[in-house]
Amino acid sequence: MVREEAENGRDDMLIDGDEPEQMKLDYALPDGFNADYLKVYYGKIFPYVDMSKWLSYGNDGKHPGCDHSYLGRREFSFTLDNDIYVRFQSFNTASELEKAIKEKCPFKIDIGPVYSVDPSKRHAYSQGGDNIFTPVEKELVFDVDISDYDDVRYCCSGADVCLNCWPLMTIAIKVIDTSLRDDFGFSHVLWVYSGRRGVHCWVCDGKARRLTNEQRAAIVDYFRVYKGNENSTKKVSLVGPALHPFLVRSYTEVLKDYFENRLLSSQNLFLNEERFEKILEMIPDESVTSELRGKWLSNKQSDVARWDQLKRLLQSSKQKGQGLRRCIEEIVFSFTYPRLDTEVSKHMNHLLKAPFCVHPKTGRVCVPINPKNCDEFDPSAVPTLSQLLRELNSGSFRGEGDNEWDGTSLGDCVRYFRESFLQPLLKSCKEEIEASYNAKVQQSRNSISW
Amino acid sequence: MEAVRSQRKSSFSNGGGGGVSTLPIYRSAPPLEVRLEDFELYAVDRLRVLKRISDGLSRGKKPDEMEKLVLDLWKTNMRHEHSSEVVNKDIISHFVLRLVYCRTEELRKWFLSMETTLFRYRFRDESPEIQRALMAEFDLQYKAVSNAEYENLHRIWSIYIGCFGYSYDQEIWIDWVPFEEVPELVAGRRVLIQKGNAYIAMNQAILCLLMKHPNDVLISIYQLLKWTSMIREQEKDRLTPIVEALSTSYLGPDYSQPREHAELSLKDIDQIAKSSFPLCMRHLFDKLREDHHLKHGGRMQLGLFLKGVGLKLDDALAFWRAEFSQKVGAERFDKEYAYGIRHNYGKEGKRTDYTPYSCQKIISAAPGVGDHHGCPYRHFSEENLRAALTRMGVGNRAMEDVMDKVRNRHYQLACTLTFEAVHNSTCDAGVNHPNQYFNDSQKIFESKKSSSNPKGAAAST
Ligand code: SF4
Ligand SMILES: [Zn+2]
């Protein structure tokens with residue numbers, strides 16, 4: 001059930017109530033990463049305050065409307081250095097959380113849902129017969145993994161990633177982020193580098209946390225354009241009389257630009273016969289494909305030139321019918337459109353790796369990514385554990401603040417997290433708590449005056 | 001954008017103003033007294049209309065053809081000798097079917113989409129005054145899109161609307177709800193979403209109004225029950241069977257029972273699969289023989305089909321065991337898979353008899369990696385489909401016709417053409433169900449057999 005992520009490429013795991021709490025995992029210690037380094041990281045750098053402020057969503061305040069049980073009902077899972085996976089950890093206060101992390105020094109921390117009752121005491125509750133132990137809140141999350149793009153990138157494969165294929169992740173961030181904010185009206189969206197091969201997204205608005213599984217699945221389907229299996233070559237099918245404006249917007253504002261100006265030549269999509277045949281397969285018209293094939297086999301041209309030829313020919317043969325109408329768009333979508341791991345998003349009880357964890361294979365910290373300038377994000381420049389410790393020792397970075405992270409290259413990441421994500425989030429949490437408290441007071445007043 | 005919008009109070013509901021609509025919006029069950037005979041008759045008439053609409057859609061009729069078809073169907077089937085009864089017939093039949101079709105998700109979806117189509121064309125056919133009056137009716141129930149909101153929405157989306165050769169301008173945006181309330185519409189990208197609000201087009205709005213929310217459905221059932229309590233006591237007992245019967249009639253014939261006298265024995269199965277299985281079943285059958293395994297979706301699709309074809313439970317168990325045991329061992333088969341087969345035959349679990357899948361259901365499946373179910377016309381690549389059709393014996397000329405239908409996404413028509421090509425015969429009814437394909441095929445072979453008897457004169461159709 002639990003799959004080790006470095007091997008199978010998933011940071012999430014779905015596990016239901018009765019799984020054993022401890023399971024064996026196996027990975028070797030990579031260079032530059034070990035438990036001692038991690039101890040120092042957790043001891044001096046990990047931003048506990050910000051993390052627990054985030055996950056308390058304003059309920060750690062003094063306002064009478066605060067729900068002080070809130071943080072304590074959240075599930076955490078630890079993967080420990082002796083390869084043991086421990087689920088259903090819970091912490092009532094920020095300091096309990098900090099103490100446990102420092103003590104246990106987990107290689108990986110996963111965040112699960114907020115349950116109806118304290119998850120570490122779930123057995124006590126299940127005695128009663130009716131199952132009141134159930135997830136009630138969870139951020140809406142997305143997981144995009146570069147290894148799902150292996151059929152459309154030629155520079156790397158599997159878990160590897162370089163600056164030539166990373167733009168695929170940038171595209172995913174741009175398309176999904178825009179839609180989450182503009183279409184769905186969410187405002188507290190956090191993007192995080194997963195430490196190795198992709199990105200995670202946490203949508204933290206109150207109404208996102210309270211979405212039902214059905215509503216989550218609906219959003220996932222709204223984003224989905226990929227269908228099919230081994231019997232079908234065409235993975236993207238843009239059916240229906242009209243392309244939905246969301247898809248049109250993604251196409252005109254992001255996909256087309258990245259396809260034509262970046263990927264086309266950085267991936268050399270038309271370099272040789274094997275590659276261009278993959279594209280010709282998506283055109284259901286023998287005469288068009290054979291004409292193009294003839295040209296390309298006898299001449300050497302740039303990828304851009306070949307793409308232009310293809311476009312011109314398809315556009316001039318528009319009258320040929322429906323099948324060809326969306327070919328150009330379908331090709332662009334196939335090579336660029338975000339590929340989501342849908343299961344993670346659909347179910348409340350999926351766990352996802354916490355931000356600011358350190359990836360045990362790469363030693364890189366899972367830092368937030370600012371979607372506004374995700375173009376500039378370079379995964380190879382993300383601080384590593386050993387780099388942070390070096391900075392800490394040399395003290396060269398030391399800033400004004402009394403936080404140790406302030407003196408390292410993680411400083412900017414934490415500052416971004418705090419100022420651009422956390423502060424606006426807590427402001428709206430406070431408003432929400434106040435509003436619902438006032439409504440309650442009003443209600444009880446009304447019932448008294450009856 | 002030619003949106004017909006009105007903030008005025010409805011002139012429709014209070015009867016004044018420009019004309020009286022005959023197009024009801026079915027908000028609540030009618031407080032009418034109705035005889036049980038009519039109850040059934042009306043519903044069957046309406047069902048006939050919906051069924052033909054469904055056929056028309058799956059045959060890929062163009063909008064103008066559909067419009068004519070729908071209006072003609074309506075006129076011929078929904079008449080009543082007393083003109084005063086026409087509206088009642090409309091309302092009653094709608095509510096009876098609604099009661100029947102809210103029972104399962106699949107039925108509900110089918111009913112909704114047919115009713116939506118019907119409503120849409122009838123709406124278009126109304127005069128502008130009546131259209132406006134109807135809009136006002138909607139406005140009363142939902143938060144109407146204010147002019148400012150409307151302009152804003154249009155401004156934001158208009159750059160994208162109308163790209164790629166189709167215009168959303170044809171839709172009339174009437175209303176919004178929080179997107180959370182309409183997950184089905186969000187999932188199908190059937191709404192515009194702006195800052196969390198889902199803007200619903202006229203033709204989708206009816207969908208919401210009809211029975212989007214479970215509560216509404218409950219309310220209308222409740223109302224219907226109250227309404228039916230007006231029916232005399234002894235007639236009430238007759239109501240249940242009618243409702244039951246109606247719920248299975250939507251697919252035309254019920255294929256959960258094998259056809260008369262038909263029995264499929266294991267020794268013939270390979271030969272018959274070759275001659276009379278539609279491509280979807282042929283593919284599953286071949287894959288099963290090849291891999292000795294099928295995933296759940298495939299087991300259901302093929303298993304129920306075989307049941308409909310007349311494979312008895314014991315034979316079915318023997319058939320699946322023979323294949324699966326080569327892969328997973330007989331013991332594991334008995335432990336893990338036999339249950340599912342008995343279940344299909346209503347021998348385990350809820351003991352309901354499962355109905356073989358219709359084309360519509362198969363086509364709308366979403367097979368994933370390693371799956372072989374679904375409709376090959378829809379789910380295969382062109383190359384794989386061509387190869388499969390060649391194996392079925394479809395010749396070059398017919399092949400191009402089939403592929404043409406596929407390209408235009410008329411999968412059932414493609415299947416019909418395949419049928420005609422391999423049987424060298426016509427199939428006027430079209431293919432709506434794999435078991436129907438099978439039965440029609442068998443009929444042709446039987447008549448060929450009898451016509452090759454000395455007595456049989458001319459060749460079959
Ligand atoms: S059209 Fe129907 S019978 Fe024909 S292959 Fe598709 S699902 Fe099967
Ligand atoms: Zn690369």
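Mentor: The four donor atoms around the zinc ion (ligand 2) subtend angles of 102 to 119 degrees, and the arrangement is therefore tetrahedral. Four donors receive that label if all angles lie between 85 and 135 degrees. For comparison, the ideal angle for four tetrahedral donors is 109.5 degrees. The model is a predicted one, in which local features need pLDDT of at least 70 and side-chain atom pairs count only at pLDDT 80 or more, while totals for chains, interfaces and linings use all residues. Residues are numbered from 1 along each chain as its sequence is written, chains are lettered from A and ligands numbered from 1 in the order in which they are written, and side-chain values use heavy atoms, with hydrogens and water left out.

The coordinating atoms are the SG atoms of A:Cys155, A:Cys156, A:Cys162 and A:Cys165, at 2.2 to 2.4 Å from the zinc ion. A donor here is an N, O or S atom within 2.8 Å of the metal (3.2 Å for Na, K and Ca); water is not among the atoms, so sites may look incomplete. Along the chain, the donors follow the spacing C-C-x5-C-x2-C. A:Cys155 and A:Cys165 both lie in the loop between strand S7 (140–145) and helix H6 (167–183) of chain A, so this pair ties together parts that are ten residues apart in sequence. Helices (H or I, at least four residues) and strands (E, at least two) are DSSP runs, numbered from the N terminus.

The two cysteines may also be described by their accessibility. A:Cys155 is partly exposed, with a relative accessible area of 33%, whereas A:Cys165 is buried, at 0%. Buried means under 20% relative accessible area, exposed over 50%, and partly exposed in between (1.4 Å probe, protein chains only).

As for ligand 1, the residues around this ligand are B:Pro278, B:Cys280, B:Cys359, B:Ile362, B:Cys375, B:Tyr377, B:Gln412, B:Cys415, B:Val431 and B:Pro434; each has a heavy atom within 4 Å of the ligand. Helix H16 (359–363) and helix H20 (411–423) of chain B each supply at least two residues of this shell. By type, the shell divides into nine nonpolar residues, one polar and no charged. In this count Ala, Val, Leu, Ile, Met, Phe, Trp, Tyr, Cys and Pro are nonpolar, Asp, Glu, Lys and Arg are charged, and the others, Gly among them, are polar.

Conventions: Tetrahedral: all angles 85-135°; square planar, octahedral: opposite > 155°, others 65-115°.
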